[in-house]
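Grab a pencil and work through these exercises one at a time. Try each task yourself before you read the solution.

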Amino acid sequence: MLTDTLTDTLSTHNEAVAEHRPYEGAIVVDGPNLYFGLKEEGRSIEYAALRSLVGEGGKAIYVSFTSPDPAKAQKHERFLHALRQGGWEVRMPLEPARWGREKGIDVLVAIALLEMALLAKTVYLVSGDGDLAPAVRAAKELGAKVVVLAPQGVIARTLAQEADEVQFL
């Protein structure tokens, strides 16, 4: 009985939200996952082209971390500055990365994905991380179409199964 009431309430809420989504599309990038996936393939990516998937009126979020290596951190900061100049919102964990460990990236990506699910009809998630499968499911329950973009061969089966569509970069 309670479950039916909650389901009806959520359904009504999702229909109301779907009518008022300000963006046609949004993109959320799991920066470390993309970087290491492309590095494994020996490739790079043009972030302006990736950003163009959602057009001028779309929202683009890049989730990253700060390297504990000062030399790498300086280079990475220039990269993040260029992203900001290109219209990307950059989000980073409160706690800096430690040697060999990133912390908080998946949580930030999941939060951004769910935020965008409320604001956009289609959300592109750039990641292959299976830990994000529950967030993809939740985004779909909020009424957004979720398209996962991942480097070839760098996508968890659980993530691919939850997505409405999978495309390889």
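**Exercise 1.** Is glycine 31 buried or exposed? Find where it sits and what surrounds it.

*Solution.* Keep in mind that this is a predicted model.
- Step 1: Find the element. Glycine 31 belongs to helix H2, which covers residues 31-41.
- Step 2: Check the accessibility. The relative accessible area of glycine 31 is 1%, and buried means under 20%, so glycine 31 is buried.
- Step 3: Look for contacts, skipping neighbours within four places in sequence. Glycine 31 is then in contact with Tyr62 and Val63.
- Step 4: Compare chain and space. Glycine 31 and serine 127 are 96 residues apart along the chain, yet their C-alpha atoms are separated by 8.1 Å.

**Exercise 2.** Now zoom out. How many helices and strands does the protein chain have, and in what pattern do they follow one another?

*Solution.* 
- Step 1: Read them off along the sequence. The pattern is α-β-α-α-β-α-β-α-β-α-β-α-β.
- Step 2: Ask how much is tucked away. Of the 169 residues in the protein chain, 41% are buried.
- Step 3: The chain exposes about 9,500 Å², and 55% of that comes from carbon and sulfur atoms.
- Step 4: Sort the contacts by sequence distance. Take the contacts between residues at least 6 apart in sequence: 65% of them join residues at least 24 apart.

**Exercise 3.** Work out how helix H5 and helix H6 are arranged, and which kinds of residues meet between them.

*Solution.* 
- Step 1: Locate the pair. H5 spans residues 105-119 and H6 spans residues 133-141.
- Step 2: Look at the axes. They come within 9 Å and cross at roughly 10°.
- Step 3: Name the arrangement. Angles under 35 degrees count as roughly parallel, so H5 is roughly parallel to H6.
- Step 4: List who meets whom. H5 brings Ala110, Leu113, Leu114 and Ala117, while H6 brings Ala135, Val136, Ala138 and Ala139.
- Step 5: Sort these residues by type. Eight are nonpolar, none are polar and none are charged.

**Exercise 4.** Which element gives the most residues to the largest nonpolar core?

*Solution.* 
- Step 1: Size up the core. It has 26 residues, and Val28, Val109, Leu113, Val123 and Leu125 have the most contacts inside it.
- Step 2: See who contributes. Strand S1 (23-30), strand S2 (59-63), H5, strand S4 (120-126), H6 and strand S5 (145-150) each supply at least two residues.
- Step 3: Pick the top contributor. That is H5, with eight residues.
- Step 4: Check for another core. There is a second, separate one of 17 residues, and Leu38, Ala60, Leu80 and Leu149 are among them.
- Step 5: Leaving out residues up to four places away in sequence, valine 123 touches Ala26, Val28, Leu113, Met116, Ala117, Ala144, Lys145, Val146 and Val147.

**Exercise 5.** Which residues does alanine 112 touch, once you leave out those up to four places away in sequence?

*Solution.* 
- Step 1: Alanine 112 lies in helix H5.
- Step 2: Check its accessibility. With a relative accessibility of 0%, alanine 112 counts as buried.
- Step 3: List its partners. Alanine 112 touches Val28, Ile61 and Arg91.
- Step 4: Take one partner further. Arginine 91 is 21 residues from alanine 112 in sequence, and the two lie 9.0 Å apart, C-alpha to C-alpha.

Note on methods: Residues numbered from 1 in each chain as written. Predicted model: local features only at pLDDT ≥ 70, side-chain atom pairs only at ≥ 80, totals over all residues. Heavy atoms only, no water. Helix = DSSP H or I, 4+ residues; strand = E, 2+ residues; numbered from the N terminus. Buried < 20%, exposed > 50% of the residue type's maximum accessible area, 1.4 Å probe, protein only. Contact = heavy atoms within 4.5 Å. Areas by Shrake-Rupley, 256 points an atom, 1.4 Å probe, with all protein chains shown as cover. Axes fitted to C-alpha atoms, helices over the stretch in contact; angles between N-to-C directions. Parallel < 35°, antiparallel > 145°, perpendicular 65-115°, else oblique. Nonpolar A, V, L, I, M, F, W, Y, C, P; charged D, E, K, R; others polar. Core = buried A, V, L, I, M, F, W, Y, C linked by side-chain atoms within 4.5 Å.
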